[in-house]
Amino acid sequence: MGASTQSKLAWGFVAVVAILHFDFWLWTDKSLLFGFLPVGLGFQMLISILAGIAWALVIKYAWPGWIEKWAESGEDS
Amino acid sequence: MDLPLLPYLAQARSASPLWVVAGYLGLLLVFSVFSGRVLRRTSSDYFVASRSIGPFLLLMSVFGTTMTAVALVGSTGKAYDRGIGVYGLLASTSGIVHSLVFFLVGIKLWAIGKRHGFVTQIQYFRSRFDSNGIGYLLFPILVGLVIPYLLIGIVGAGAVIKGVTRGMFPDTFDAGAIPPSITGAVVCGVVLCYVLVGGVRAAAWANAAQTIVFMIVGVIAFILISDKLGGMKAASEAVANNESTSELLAREPIGKLQFLTYLFIPLSVGMFPHLFQHWLTARSAKTFRVTVIAHPIFIMVVWAPCVLIGIWAAGHGITAPGGNSNAILAKMVGTLLQSPFLTGLLTAGILAAIMSSLDSQFVCLGTMFTHDIVVHAAGKDRFNDGQKVLLGRGFILLVVLITYLLSLLDPANIFDLAVWCFSGFASLFPLVFASLYWRRVTREGAIACVLVTAITWAILFWIGLLGPAIAGERSSEDFLPGGVMPVTIMFAASTIALVGVSLLTKPMSPKIIEKFFVVQD
C-alpha cells in the first residue's frame, strides 16, 4: 500500500470517528453499561479513545515531513 | 442511602482543608521565587521560552491550558443540570477537533513562527495580510474575548472555595463560607507572582505540575465520592430510580441540532492567543506528536468522572448552594469527604486546573500588549529587553484588575459564559485557516471577517445573555436561535464575509504568498 493511500485511510478513520460521534441512535437510551455507566456516556468515551487511535495513525502515515526543514531554513530562525 | 449533609453543614466545620490549600498555594509561591532565579532573563525566554519546550512539557502545558474551570467545575455543574450529554457536547468533540486544529493549524503556525521569528498571533496576521490595521483591530477583540475566559477561572475558583468552606467561618462570613471576592484576589495574586517572574516558561512548568496534580486528584475524588455514595453501581442506580433525574442518563435535555452545531465550539483553540504562544514554545514540529495523540484521552480522564459526579449529585437530591450549579462539585467534595486533608487536597487540585489556564492567559496578554502595541508603535529599538518585560507585566496587572472587578458582579453560569467566549474565538477560525490554506484570501476579506465576527457576537451575546441578565431575567434554558448554537450563525457570517470580500478584492501580492506557503518538493 502506497504512502498516499495510507494517509488517506488514516484521515478516513478520523472522518468515521467524527461521524460516529453523532450517535443519535443512543439519544434516549438510559441503560447502564456494567451497571453504572450510562450507555451514551460510555459510547462517547469510546469515541475519545478512537480519536486518540485515529490521531496516532494520522501522525504515523500523514506527517508533514517537510515542515521541519522549511521552518529551520527561515530568514529569522 | 444515608447522606448526613444537613447535620454536617449545620455545625461549624474544621478549617483544616484550607491549610492544605494554603500549603499548595505556598508551594507555587516558592516556585515563583525559584523560577525567578534559574530562568534566563531574556525577552525571548519570557515570551516563547526560547522555543525549546519538549514533547512532555508541551502536552501538559497545552492540555492544562485548554482545561479550564469548565472542565472540572463547569462540566460537573452542567451534567447536574442537563445530564451526560455534556460529555458529547464538549469533551469527545474536543478530542477530535482540538487535535485536528493542533495538527492542521498548530504545527504550521509553529513552522511559520519559527521561520519568521513571530512571537504573537497578531504579528503573524499583520505580516500575512501586510496590514498594520488588522493588528489594531484584532488586539481589542482578542483581549475582549480573553477577559471572559479569565472570568471563568476566577469565578470558578470562588465558587469552589465558597462551596468547600461553607460552615467553616460562621461568625465571620455569610453562610460561614469564604466569599469569592477573597478567593479571586488570592488566586490572581499567586498566579501573577509566578507568571510575572518567570513568563511563559514558568507558566509551562507550573502548568505541567498542576495538570498532573488535578488529573491525579480528580481520579482520587471520583473513587472516594463514588465510595461514599455506596459504590458506582448504587450511585448510578439512584439516578435511574429517581423519576426527576432519570432523564440525565440520556440526552433528551439536549437538542439534536444543538449537539450537532456544538462541533463549531472547539474550533476556538485555533484562535486562542495563549495557545498560539504555547505552540511557538515547541522545540520542533515533532514535539506536537504526543500532544495530538494524547489530548483526547486526557480529556476523557478529566471529564468522564466529573460528568458522573454531576449526575450522581442530582440523583441523590443534593442541591446546588443558592441554585448555583458551579458549586456542586465543591459541595460534593466538601460534604461527602469528611477527611480535612483529602478535602483540602481535592480543592487544591481543582484550583490547580483553574490556575493552569489563568497563567497562560496572563502571559499572553502581556506578550500581545508589548509586541503588538507598544513595540510595534514605538519601534523595535526603543525599549531594551528588561523594559519590554516590564511593559508586559504592567498590562497584565491592569487586565487582571479589570477582570477581578468584573468577577465581583457575579457573572453567569461558568459553562455558559465559557461557551460564549469560545464562540467568539471559533468564529475567527475561518480567518486563521484561510490564512494558512487559501492563497486567494485578501486583507480586506480578513478585516471583513473580524468585523463581522465582532458585530454578530456582540448582537447575539446581548440578546442571549447580557440583555436578559441586566433585566434580571437570567434563564436556565440555553439560547438557541433556530435550534442551533449561536456560534453557527457567527461562524457562517464570518466565513461568508471572508470568502465574499476576498473574491471581490485584489489578491495579495505573490511575494507575500511565497513567504507563507510551502512549495513541497
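Trainee: Why does Glu68(A) count as buried?

Mentor: Its relative accessibility is 13%. Buried means under 20% relative accessible area, exposed means over 50%, and partly exposed lies in between (1.4 Å probe, protein chains only). Glu68(A), at 13%, therefore falls in the buried class. Keep the basis in mind: this is a predicted model, where local features need pLDDT of at least 70 and side-chain atom pairs pLDDT 80 or more, while totals for chains, interfaces and linings use all residues. Residues are numbered from 1 along each chain as its sequence is written, chains are lettered from A and ligands numbered from 1 in the order written, and side-chain values use heavy atoms, without hydrogens or water.

Trainee: What makes Lys286(B) and Glu68(A) a salt bridge?

Mentor: Their closest N and O atoms are 3.4 Å apart. A salt bridge needs a side-chain nitrogen of Lys or Arg within 4 Å of a carboxyl oxygen of Asp or Glu. The pair therefore qualifies. Lys286(B) sits in the loop between α12 and α13 of chain B, and Glu68(A) in helix α3 (residues 67-72) of chain A, so the bridge joins two chains. Helices (H or I, at least four residues) and strands (E, at least two) are DSSP runs, numbered from the N terminus.

Trainee: How many salt bridges lie between chain B and chain A?

Mentor: Two. Asp23(A) and Arg251(B) form one of them, at 2.6 Å from N to O.

Trainee: Which helices of chain B supply at least two residues each to the side that touches chain A?

Mentor: α6 (85-116), α10 (232-241), α11 (256-261), α13 (288-315) and α21 (510-516). α6(B) gives the most, with 18 residues. By class, that side of chain B has 29 nonpolar, twelve polar and twelve charged residues. Here Ala, Val, Leu, Ile, Met, Phe, Trp, Tyr, Cys and Pro count as nonpolar, Asp, Glu, Lys and Arg as charged, and the others, Gly among them, as polar.

Trainee: How many residues are in contact across the two chains, and what area is buried?

Mentor: 53 residues of chain B are in contact with 45 of chain A. Contact means heavy atoms within 4.5 Å. The two chains bury about 4600 Å², with 74% of it on carbon and sulfur atoms. Buried area is the accessible area (1.4 Å probe) that two parts lose on being put together, summed over both.

Trainee: What joins Asp130(B), Arg443(B) and Glu444(B) into one network?

Mentor: Take the distances. Asp130(B) and Arg443(B) have their closest N and O atoms 3.8 Å apart. They come from distant parts of the chain: Asp130(B) from the loop between α7 and α8, Arg443(B) from helix α19 (residues 443-470), 313 residues apart. Glu444(B) and Arg443(B) come to 3.9 Å. Arg443(B) is partly exposed at 27%, and Glu444(B) is partly exposed at 33%. Salt bridges with shared partners join these three residues into one network.

Trainee: Why is chain A called more spread out than a compact globule?

Mentor: Its pattern along the sequence is α-β-β-α-α. Its radius of gyration is 19 Å, well over the 11 Å that the globule rule gives for 77 residues, so the description holds. The radius is taken over C-alpha atoms, and the rule is 2.2 Å times the number of residues to the power 0.38. The C-alpha trace of chain A spans about 60 × 35 × 20 Å along its principal axes.

Trainee: What puts Ser427(B) in the buried class?

Mentor: Ser427(B) has 0% relative accessibility, so it counts as buried. Ser427(B) lies in helix α17 (residues 414-427) of chain B. Beyond neighbours within four places in sequence, its contacts include Cys449(B), Thr453(B) and Phe491(B).
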